[in-house]
Amino acid sequence: MLLQAAWILTIPPFRGSDEFDHAYRAAGVAGGQWVATEPAENGRGLLIEVPPALVEAAGPQCSVLGYTGPDNCSPVRETDSGRVLVASGAATYFPLYYWVVGSVGEWADGTTSLYLMRVATALICAAFFFAAAWSLARGPNLWPLAGLALATTPVLIYSTSIVAPNGVEMTAALALWSSLLVLGGSDLAEKDETALVLIAIFAAASMSVLRLLGPLFVLAIGATSLAFRYRSLPARLRGHAWTVILGSSIVTMAAASFGWWLRGPANVAATDAGDGGGITIGPIDGVVWALQSVAAFPYRNQAGPPIIYGVVGALVLVLLFASLRAARLGERLVISVTFLGALLLPFAATWASSNESEVVWQGRYGLAFGVGFVLLSGLVVGERSRLRFGEPRKRAVPTSIVLLAYGVATAACYLKVRGNELSANSASGPSWIHHSPLALMVLVAVAMMCYYIAIVGHRGSELV
């Protein structure tokens with residue numbers, strides 16, 4: 001939550017990736033307009049009714065983007081209710097998430113409304129993250145939690161701190177992966193098994209109504225978890241047969257409602273103010289997408305500082321290598337297939353959307369599935385590896401070194417974005433609550449200290 005707070009303060013209002021689109025959608029749904037039907041004439045998306053103060057606050061950031069039109073950044077006309085019509089590229093998205101955060105945003109106007117939506121999104125994501133952490137804490141030791149920390153890349157945390165459903169999908173996926181994998185692991189108390197099943201059900205149902213690939217991600221995560229825990233997970237699920245049946249029905253209904261939405265209310269032709277052109281992709285795009293899954297903010301074409309790619313990449317590769325050495329043949333195969341699937345997913349998704357005018361994929365879009373090989377690696381190292389860090393007091397030095405490197409790299413992300421926005425983004429006005437670099441570094445330092453206390457203070461005798 002400390003790192004989320006740092007992003008909320010670092011990113012200027014409406015500067016998050018397409019954040020104005022999602023804020024408009026949230027305000028519209030909270031105001032009672034769940035379905036939009038009127039296409040924009042001079043912009044992208046459909047017209048929705050929002051408070052005029054929100055459009056006024058979003059206008060400067062919206063106007064500096066090359067793919068928006070006048071209808072996205074200024075009121076088209078006023079309605080009888082005193083609201084205004086404005087175009088949003090998110091106008092056809094499933095309304096549940098937007099209703100939740102939009103209802104919170106209604107407590108204020110303009111920029112303050114957006115900050116409330118950010119906080120609501122961050123809290124939802126934090127709840128899913130804590131569910132994942134609680135699940136992995138049922139594991140054999142701290143290595144599964146180390147995998148969770150590495151899977152939570154800077155761009156993932158950034159995504160949980162702006163108004164958009166992407167971060168909720170990512171953290172729900174963390175909870176789904178963690179609960180299923182731990183459920184199929186070592187012996188658990190009956191109440192813990194029940195809690196893990198319920199976490200999996202709620203996470204899967206949530207993912208099914210957030211974004212287009214959500215239901216497919218649920219199936220992929222479920223299938224991968226069953227393949228990885230094929231000996232024990234089916235038996236554990238049979239032990240909670242009625243809960244699993246009820247939960248499966250809930251998830252199925254959620255996915256069915258999402259499908260109905262796509263074929264019904266969301267099936268409206270919308271305009272696009274972006275430039276046309278054919279799609280051409282190659283191996284370099286795969287590298288870019290992989291780097292974007294680590295750090296790219298506020299937009300996909302804005303890279304993070306080089307140090308973050310080196311630190312995160314090195315730690316992930318070390319964990320992956322250690323897990324492949326320690327894993328059994330079947331586990332090694334599942335990890336390898338998951339890793340390759342995460343790399344190939346962007347190519348498949350881009351090919352499937354070849355009728356689009358441009359490449360729309362971002363590296364973070366695949367994190368719901370991509371985090372899987374990191375979590376699997378953490379579990380395998382925890383259960384199979386002979387690597388030892390010894391007693392808690394012996395963990396202090398290696399833990400300090402890793403967290404110092406990770407903390408410096410993370411702080412560099414915030415400082416780079418802050419510096420870029422102050423120097424190059426003329427649309428960032430006085431409503432931006434930006435604190436000094438020292439304040440951001442303190443937030444990162446406290447977050448790293450919390451990691452340190454959790455690792456060194458763990459009562460277990462080994463970090464396996």
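Student: What makes 54% of the 464 residues of the chain count as buried?

Tutor: Buried means under 20% relative accessible area, with exposed over 50% and partly exposed in between (1.4 Å probe, protein chains only). By that rule, 54% of the 464 residues of the chain count as buried. Keep in mind that this is a predicted model, where local features need pLDDT of at least 70, side-chain atom pairs count only at pLDDT 80 or more, and totals for chains, interfaces and linings use all residues. Residues are numbered from 1 along each chain as its sequence is written, and side-chain values use heavy atoms, with hydrogens and water left out.

Student: How do you know that Cys 62 and Cys 73 form a disulfide?

Tutor: The test is a pair of cysteine sulfur atoms within 2.5 Å. Cys 62 and Cys 73 sit at S to S 2.0 Å, so they pass. The count by this rule comes to one disulfide.

Student: Why is that disulfide called left-handed?

Tutor: The torsion about the S-S bond of Cys 62 and Cys 73 is about -70 degrees, so left-handed it is.

Student: Why is helix 18 said to be largely enclosed by the rest of the structure?

Tutor: Helices here are DSSP runs (H or I, at least four residues; strands are E, at least two), numbered from the N terminus. Helix 18 covers residues 372-384, and eleven of its 13 residues are buried, so it is largely enclosed. Among the buried ones are Phe 373, Leu 376 and Val 381.

Student: How do you know that its span is close to the one expected?

Tutor: The expected span is 1.5 Å times one less than the number of residues. For the 13 residues of helix 18 that gives 18 Å, and the helix reaches 18 Å from its first C-alpha to its last.
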